[in-house]
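Subject: Structure for you to look at

Hello,

Here is the structure I said I would pass on.

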Amino acid sequence: MKGKKVDRLWINSLEKEVEGVTGRISIRFQGYSYEKISQLSFALDVTTSRATALLLDASIHNSNFIDRYLRTFVHTTLDPRRMKELKKIMMFINDNNPYEEKLTWGALILSLYEDLKEETDNYT
């Protein structure tokens, strides 16, 4: 992803001392994404901040949306060989899962991220 511009999301830093509960997050979008959100906010007759909040709320409560989005993101980011290997991992986990639950792309990516984070925390 070097040289490729991506949308960014910042959530209140854990190092900052925050009094009370805050729901504030900061998001920076590239022009194309911002334009689409602006069009949506105009159609809904709300601010761009409110339209973004509605999108975030809908995506959090609709796991199928998140799963499809992550699958598409991973598919466009990884080369075909790595994508094939990742699908093999998911099939293996789903075939050998004693709880009869299907592993979603979101759960797999979250698990990989947490494992990677633990590994890097051990070295710093």
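The notes below go from the overall fold to the core, then to the salt bridges and the surface patches.

Please keep in mind that this is a predicted model.

Overall layout

The chain holds 5 helices and 2 strands. Read from the N terminus, the order of the elements is β-β-α-α-α-α-α. Of the 124 residues in the chain, 12% are buried.

The core

Which residues make up the largest nonpolar core? There are 7 residues in this core: L70, V74, M83, L86, M90, W105 and L108. Helices α3 (63-77), α4 (80-95) and α5 each supply at least two residues of it. The largest contribution is that of α4, with 3 residues. As general background, nonpolar side chains tend to be buried together in soluble globular proteins.

Salt bridges

How many salt bridges does the count come to? The count comes to 3 salt bridges. In general, side chains of opposite charge can pair when their charged atoms come close.

One of the bridges joins R71 and D67, with the closest N and O atoms 3.6 Å apart. These two residues are 4 residues apart in helix α3, so about one helical turn separates R71 from D67. Is D67 buried or exposed? D67 has a relative accessibility of 16% and therefore counts as buried, the cut-off being under 20%. R71 has a relative accessible area of 36% and is partly exposed.

Another bridge is formed by the side chains of D79 and R82, at 3.5 Å from N to O. D79 is partly exposed, at a relative accessible area of 29%. R82 is also partly exposed, and its relative accessible area is 47%.

There is also a salt bridge between E85 and K88, where the closest N and O atoms are 3.5 Å apart. Both E85 and K88 belong to helix α4, and they are 3 residues apart, about one turn of the helix. E85 counts as partly exposed at 36% relative accessibility. K88 is partly exposed as well, with a relative accessible area of 45%.

Surface patches

Which residues form the nonpolar patch on the surface? This patch consists of I25, L56 and I60, and together they have about 260 Å² of accessible area. I60 sits in helix α2 (residues 48-61). Why does I60 count as exposed? The relative accessible area of I60 is 65%, and exposed means over 50%, so I60 falls in that class.

The other patch is negative, and it is formed by E114, D115, E118, E119 and D121. With a relative accessible area of 45%, D121 is partly exposed. That value lies between the cut-offs of 20% and 50%, so D121 is classed as neither buried nor exposed.

If you want a place to start, colour the core residues L70, V74, M83, L86, M90, W105 and L108, and then the surface patch of I25, L56 and I60.

Regards

Methods
Residues are numbered from 1 along each chain as its sequence is written. This is a predicted model: local features need pLDDT of at least 70, side-chain atom pairs count only at pLDDT 80 or more; totals for chains, interfaces and linings use all residues. Side-chain values use heavy atoms; hydrogens and water are left out. Patches are made of residues with over 30% relative accessible area and no salt bridge: like charges are joined within 9 Å, nonpolar side chains (Val, Leu, Ile, Met, Phe, Trp, Tyr) within 5 Å. Accessible areas come from the Shrake-Rupley method with a 1.4 Å probe; for residues, only the protein chains shown count as cover. A salt bridge is a side-chain nitrogen of Lys or Arg within 4 Å of a carboxyl oxygen of Asp or Glu. Lys and Arg count as positive and Asp and Glu as negative; His and the chain ends are not counted. The place of a charge is taken as NZ of Lys, CZ of Arg, CG of Asp or CD of Glu. Buried means under 20% relative accessible area, exposed over 50%, partly exposed in between (1.4 Å probe, protein chains only). A nonpolar core is a set of buried Ala, Val, Leu, Ile, Met, Phe, Trp, Tyr and Cys residues joined through side-chain atoms within 4.5 Å.
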